Amino acid sequence: MSEAGGGRGCGSSVPQRAPWSLVAATAAFCLVSATSVWTAGAAPMSREERQKLGNQVLEMFDHAYGNYMEHAYPADELMPLTCRGRVRGQEPSRGDVDDALGKFSLTLIDSLDTLVVLNKTKEFEDAVRKVLRDVNLDNDVVVSVFETNIRVLGGLLGGHSLAIMLKEKGEYMQWYNDELLQMAKQLGYKLLPAFNTTSGLPYPRINLKFGIRKPEARTGTETDTCTACAGTLILEFAALSRFTGATIFEEYARKALDFLWEKRQRSSNLVGVTINIHTGDWVRKDSGVGAGIDSYYEYLLKAYVLLGDDSFLERFNTHYDAIMRYISQPPLLLDVHIHKPMLNARTWMDALLAFFPGLQVLKGDIRPAIETHEMLYQVIKKHNFLPEAFTTDFRVHWAQHPLRPEFAESTYFLYKATGDPYYLEVGKTLIENLNKYARVPCGFAAMKDVRTGSHEDRMDSFFLAEMFKYLYLLFADKEDIIFDIEDYIFTTEAHLLPLWLSTTNQSISKKNTTSEYTELDDSNFDWTCPNTQILFPNDPLYAQSIREPLKNVVDKSCPRGIIRVREESFRSGAKPPLRARDFMATNPEHLEILKKMGVSLIHLKDGRVQLVQHAIQAASSIDAEDGLRFMQEMIELSSQQQKEQQLPPRAVQIVSHPFFGRVVLTAGPAQFGLDLSKHKETRGFVASSKPYNGCSELTNPEAVMGKIALIQRGQCMFAEKARNIQNAGAIGGIVIDDNEGSSSDTAPLFQMAGDGKDTDDIKIPMLFLFSKEGSIILDAIREYEEVEVLLSDKAKDRDPEMENEEQPSSENDSQNQSAEQITSSSQEVDLVDQESPEESSLNSEPESSPADMDNAASVSASEQNSNPTENHETTSLDGECTDLDNQLQEQSETEEDSNPNVSWGKKVQPIDSILADWNEDIEAFEMMEKDEL
Ligand code: DMJ
């Protein structure tokens with residue numbers, strides 16, 4: 001078993017040698033000292049510049065935290081566009097995302113230890129007093145157990161850890177008497193009822209006041225949870241037990257981890273994304289390192305580091321081997337099926353996996369960390385931020401970006417490990433992009449769409465808990481931080497827990513020790529503490545040499561094959577199966593392969609072709625399987641192409657004082673009028689049309705002449721409104737939704753359809769705003785009268801001249817003034833409760849018009865086909881990299897394929913079991929498509 005004294009550091013089999021830091025567990029486990037290795041390569045960054053960047057991070061934090069405290073506190077989060085607090089129940093529901101909000105001043109608690117890291121000790125002291133004075137943990141609100149654990153319990157424990165550190169130093173926090181710890185304990189007890197399941201896996205949600213079982217709880221009926229949700233408790237729960245001596249918390253977290261470990265898929269050693277908390281069955285059998293699983297792996301390794309329990313390392317290493325074998329395709333990390341790990345389950349990656357290179361650094365496996373990080377950085381350079389999901393050929397899959405910190409986290413760890421100043425430059429770019437594109441007068445706003453640069457009225461607490469910590473630490477020297485960061489480990493929310501906990505109150509780990517985990521053999525440490533000979537083989541340019549071949553991986557990429565077919569899955573001597581994207585209906589060789597796979601091609605009267613598979617007609621079970629894979633690829637390809645046909649959202653950017661382009665609103669495009677993606681943007685002052693619905697000739701043409709007319713949705717077709725404002729001389733139009741409280745944060749955007757007739761006469765650009773975004777413009781008019789906007793496909797950089805006019809001292813005043821004005825009017829809005837998930841693609845919608853309007857003709861194909869799983873038409877893929885230009889209609893028929901008597905040549909696997917497996921895969925794929933992160 002591990003030695004006492006700070007967990008297990010580098011493995012005993014690997015000699016410790018300079019320049020590796022052998023602190024048992026710093027944030028990075030076996031880190032090289034940053035300055036001692038680098039001698040050449042990217043230009044080193046001077047201490048002066050690093051300090052300048054560090055100060056910039058401090059200023060940005062002040063802007064985010066200051067605005068939260070001024071305009072949102074005690075609410076859980078700041079809404080930076082409308083400059084007010086997000087209070088659950090007072091805003092339209094955003095679904096699961098809102099489960100982080102427990103009316104417990106989430107952002108303040110999540111920011112506590114950031115204040116200390118950023119040397120804001122005085123502010124920390126004030127913040128702790130506020131938490132103790134104001135925060136109530138007994139609210140009648142249903143919260144996520146996972147989020148409450150990592151953000152609130154973790155925040156309180158991180159705050160406590162640094163409070164006692166400061167107290168011991170003798171200057172600050174002298175009055176502190178473990179009050180944060182007491183709150184943490186109270187919260188810990190509130191979460192415990194969630195573990196009342198036979199499996200020991202916690203319910204995903206709990207009512208802070210009523211727990212799970214009571215009828216008032218409004219929860220406890222859930223059957224599934226995500227793996228990360230059940231497997232990301234051990235650090236906080238063990239710390240709570242060890243700080244307080246109450247062993248129950250660590251016991252519960254261990255039990256949940258034990259259960260997940262037992263349930264791992266035994267042949268692949270992978271875990272699925274969601275699991276039934278009662279039966280332990282995997283509900284979603286896809287497996288990656290991003291959403292739904294990420295921090296389960298992170299906590300296994302970090303639990304070993306913090307608690308020194310070898311069993312956690314053994315488990316982590318087993319999973320890590322499987323990840324590297326099946327999921328890792330450097331530089332990509334692609335989800336697979338746990339029971340068919342050679343097959344990819346997705347063609348896209350989510351942004352949460354950006355933490356993984358950081359974890360690989362902790363593990364000591366630097367090469368793939370450098371590769372994946374480089375790939376992610378190139379995606380960021382393309383879109384300014386990492387989109388919530390992106391395809392294997394690096395196109396945007398989900399366009400939002402809620403200011404996630406994972407990439408900054410990995411950048412920090414890679415810099416620590418390599419000392420390569422390249423990573424400082426990466427950090428600098430992150431800072432620049434945040435200031436350029438996400439900074440708004442009242443904080444930092446999440447990106448609604450990285451393609452347009454539009455914002456969402458949201459600043460998540462993790463932005464303060466994590467982003468500023470990692471960015472600040474990236475540029476800081478040891479002496480810039482008032483304590484030794486290497487004495488702590490970062491939780492998944494970047495809260496700091498002291499490593500000395502490993503030797504405190506160890507009774508639980510002793511109690512749970514079984515003979516299953518004895519002394520680990522050396523193989524467990526093979527990767528744990530690599531020596532510098534392996535990582536930097538006498539070459540200080542090591543990291544650069546790994547990045548070099550990848551430098552154009554994103555820009556030069558072509559659409560990739562949809563499902564990876566690994567070499568070992570091919571039969572020897574046989575050709576790889578035909579890929580859907582390569583298929584050409586006119587190629588006789590392809591037709592022959594189709595036939596072998598049991599796929600027949602039917603030419604439809606309208607010129608399209610339809611594919612139908614009868615597995616029973618395939619030449620062998622392997623061909624049948626190839627055929628099913630081909631059909632699945634075709635389904636996905638088809639939905640991807642259909643998605644590409646839809647118009648992307650547009651941006652309305654307020655460019656006049658005091659916004660200066662900082663506020664960007666997500667707008668829906670029109671299927672008629674000027675196409676903003678092909679033409680220069682339209683810029684102009686706005687004016688409301690009269691009548692406001694724009695359904696008849698305008699009575700105020702002089703007011704809208706040469707301007708962008710605002711028109712309310714309703715009463716007539718969108719095209720009719722466009723014609724009326726165009727006739728009055730408007731240069732563009734913005735239709736504002738008449739459904740009060742609607743917002744692109746909560747409702748899927750759509751494109752405005754024409755009226756079913758020829759709309760070529762409409763020459764001006766038309767955009768659609770939901771009510772909340774529209775009211776930001778209307779409020780601005782009330783306040784400033786002259787409001788100028790830019791209509792475009794992508795927000796433009798702010799006007800530097802306009803910016804320079806701003807006096808630094810008056811900036812806050814004017815910002816706050818505008819924000820307050822917006823606040824007061826926004827609060828009058830009667831909000832509706834919508835639960836639509838966020839979507840980045842657009843449906844098409846005809847104008848909401850009275851029943852006598854003929855809408856049917858204007859509904860476009862994209863509306864009819866908005867569900868990818870029901871899509872029956874495809875068009876060709878864009879770009880030079882593919883030769884597929886056939887229109888296909890796919891249909892998978894399986895009903896004839898379940899004959900249990902059929903046996904297939906060499907490989908005897910009943911076809912119904914193959915089909916059942918494949919159907920599971922397809923179901924899982926369909927579920928994933930519907931899922932939000
Ligand atoms: C944070 O709350 C945590 O890092 C969590 O593990 C997942 N990601 C969010 C931020 O993106």
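**Close-up 1. Cys 83 and Cys 442 form a disulfide, with 2.1 Å between their sulfur atoms.** A disulfide here is a pair of cysteine sulfur atoms within 2.5 Å. In general, a disulfide is a covalent bond between the sulfur atoms of two cysteines. The link of Cys 83 and Cys 442 is right-handed, with 60° about the S-S bond. Cys 83 lies in the loop between β1 (77-79) and β2 (84-86), and Cys 442 in the loop between β15 (439-440) and β16 (443-444), so the pair ties together parts that are 359 residues apart in sequence. Strands (E, at least two residues) and helices (H or I, at least four) are DSSP runs, numbered from the N terminus. Cys 83 is buried, at 1% relative accessible area. Cys 442 is buried too, at 3%. Buried means under 20% relative accessible area, exposed over 50%, and partly exposed in between (1.4 Å probe, protein chains only).

This is a predicted model: local features need pLDDT of at least 70, side-chain atom pairs count only at pLDDT 80 or more, and totals for chains, interfaces and linings use all residues. Residues are numbered from 1 along each chain as its sequence is written, and side-chain values use heavy atoms, with hydrogens and water left out.

**Close-up 2. Cys 226 and Cys 229 form a disulfide.** The structure holds three disulfides. In this one, the sulfur atoms are 2.0 Å apart. The link of Cys 226 and Cys 229 is right-handed, with 85° about the S-S bond. Cys 226 is buried, with a relative accessible area of 16%. Cys 229 is buried as well, at 19%.

**Close-up 3. Cys 695 and Cys 716 form a disulfide.** Their sulfur atoms are 2.1 Å apart. This link is left-handed, with -85° about the S-S bond. The pair links distant parts of the chain, 21 residues apart. Cys 695 sits in the loop between β25 (682-688) and α22 (701-704). Cys 716 sits in the loop between β26 (708-712) and α23 (718-727). Both cysteines are buried.

**Close-up 4. Strand β23 (residues 650-654) is largely enclosed by the rest of the structure.** Why is that said of β23? Because five of its five residues are buried. In a regular strand the side chains alternate between the two faces of the sheet. Both faces of β23 are covered. Arg 650, Val 652 and Ile 654 are buried on one side, Ala 651 and Gln 653 on the other. Five bridges join β23 to β24 (residues 663-667), and the two run antiparallel. Two strands pair if DSSP finds at least two bridges between them. In β24, Thr 666 is the bridge partner of Ala 651. β23 also pairs with β30 (residues 788-792), antiparallel, over four bridges. There, Leu 790 is the bridge partner of Gln 653.

**Close-up 5. Strands β17 (residues 446-449) and β18 (residues 454-456) run antiparallel.** Three bridges join them. Asp 449 has Ser 454 of β18 as its bridge partner. The hairpin has four residues between the strands. Gly 453 takes a positive phi near 80° in this hairpin.

**Close-up 6. Three strands form an open sheet in the order β12-β13-β14.** The pairing is antiparallel. β12 (348-350) and β14 (396-398) stand at the edges, each with a single partner strand, so one side of each has no neighbour in the sheet. Neighbouring strands of this sheet are turned by 30° against each other on average, direction ignored. For such angles, axes are lines fitted to C-alpha atoms (for helices over the stretch in contact), and angles run from 0 to 180 degrees between N-to-C directions. β12 pairs with β13 (residues 389-391) over three bridges. Trp 348 stands opposite Thr 391 in β13.
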